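Me: I'm new to this one and would like a close look at a single part of it. Could you pick a helix and walk me through what surrounds it?

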Amino acid sequence: MALPAAQVPVLTLLARAVRARRALEVGTFTGLSALVWAAAVGPAGTVVTVDAVGDGVARLGAAAWAAAGVDAVIDVVTADGLAELFRRAAAAAGEAGAWDVVYVDAAKGRVGAYYEVGLALVRPGGLVLIDDITWSGRATAAAAAGGGGVAGGGGGGEEAAALRAVAERAAADPRVVTMTVVAGDGLLVALKL
Ligand SMILES: C[S@@+](CC[C@H](N)C(=O)[O-])C[C@H]1O[C@@H](n2cnc3c(N)ncnc32)[C@H](O)[C@@H]1O
């Protein structure tokens, strides 16, 4: 699913609040969130958007980026998102602490690992953002059901449990200050201290 329109001003404000110049996202799809980051970081900024599937961007995102005049700012990487972030966080790649924003909008079952590598990649004062944190209420329902998922939930149990777990971990994490923005399907915001 594409970024909900209600989240466009949220992402814009967050990026501007931390004076983001470098944004790294996982989950390109329509290219809308990448467009938002590109507009926020400005022409001297950098946006890297990672997706396991590349051709969706060619059809949907690239034309919009060109029309908005931001295509030069955006670098598309076709790869598994978690592997790409771990590669960038490795010492040899030199990108630990080099990002202002890491935004995850993919692979909900692995958000715990994304959270940790995201924290390694952002600078102090930077943001790790995890989209769909309420997962249409299923993350909350997973907790009520004992963390294991939702009966009859159509296969969302593993993702729901992972989203709930990362929200709880972030809330208790002394490395960050967190909040959940109730827009779209919920956005976990973790500010690295
Ligand atoms: C919810 S959509 C992203 C929406 C996008 N932010 C937008 O504004 O349109 C999720 C995307 O994550 C990608 N994806 C799923 N699993 C992935 C993985 N393991 N690594 C990288 N991308 C993945 C899918 O191909 C899909 O394009």
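**A helix and its surroundings**

Reply: Let's take helix 5: its buried residues are covered by, among others, strand 1, helix 4 (81–89), strand 4, strand 5, helix 7 and strand 7. Bear in mind that this is a predicted model, in which local features need pLDDT of at least 70 and side-chain atom pairs count only at pLDDT 80 or more, while totals for chains, interfaces and linings use all residues. Residue numbers start from 1 along each chain, as its sequence is written. Helices (H or I, at least four residues) and strands (E, at least two) are DSSP runs numbered from the N terminus.

Helix 5 itself covers residues 111–121, and its buried residues are Val111, Tyr114, Tyr115, Val117, Gly118, Leu119 and Leu121. Buried means 20 or more other C-beta atoms within 10 Å of a residue's own, exposed means 12 or fewer, and partly exposed is in between, with C-beta atoms placed from the backbone.

Now for the helix neighbours. Helix 4 packs against helix 5 at about 30 degrees, the axes being 9 Å apart. Those axes are lines fitted to C-alpha atoms, for helices over the stretch in contact, and angles run from 0 to 180 degrees between N-to-C directions. Helix 4 and helix 5 are therefore roughly parallel (under 35 degrees; over 145 is roughly antiparallel, 65 to 115 roughly perpendicular, and the rest oblique). On the helix 4 side, the contact uses Leu82, Leu85, Phe86, Arg88 and Ala89, while helix 5 brings Ala113, Tyr114, Val117, Gly118, Ala120 and Leu121. Contact here means C-beta atoms, placed from the backbone, within 7 Å. Sorted by class, that's nine nonpolar, one polar and one charged residues. (Ala, Val, Leu, Ile, Met, Phe, Trp, Tyr, Cys and Pro count as nonpolar, Asp, Glu, Lys and Arg as charged, and the others, Gly among them, as polar.)

Helix 7 is another partner: helix 5 and helix 7 pack at about 35 degrees, with axes 8 Å apart. Val111, Gly112 and Tyr115 of helix 5 meet Ala162, Leu163, Ala165, Val166, Arg169 and Ala170 of helix 7. This contact has seven nonpolar, one polar and one charged residues.

Seven of them make an open sheet with mixed pairing, in the order 3-2-1-4-5-7-6. Strand 3 (74–78) and strand 6 (176–181) are at the edges with a single partner strand each, so one side of each has no neighbour in the sheet. From one strand to the next, the twist averages 15 degrees. Helix 7 (residues 157–171) packs on this sheet too, touching strand 5 (122–131), strand 6 and strand 7 (187–192).

Strand 4 (residues 99–104) pairs with strand 1 (residues 22–26) in the parallel sense over four bridges; pairing takes at least two bridges found by DSSP. Alanine 23 sits opposite valine 101 there. Strand 4 also pairs with strand 5 in the parallel sense, over five bridges, and valine 102 has valine 128 as its bridge partner in strand 5. Six of the six residues of strand 4 are buried, so this strand is largely enclosed by the rest of the structure.

Conventions
Two residues are in contact if their C-beta atoms, placed from the backbone, lie within 7 Å.
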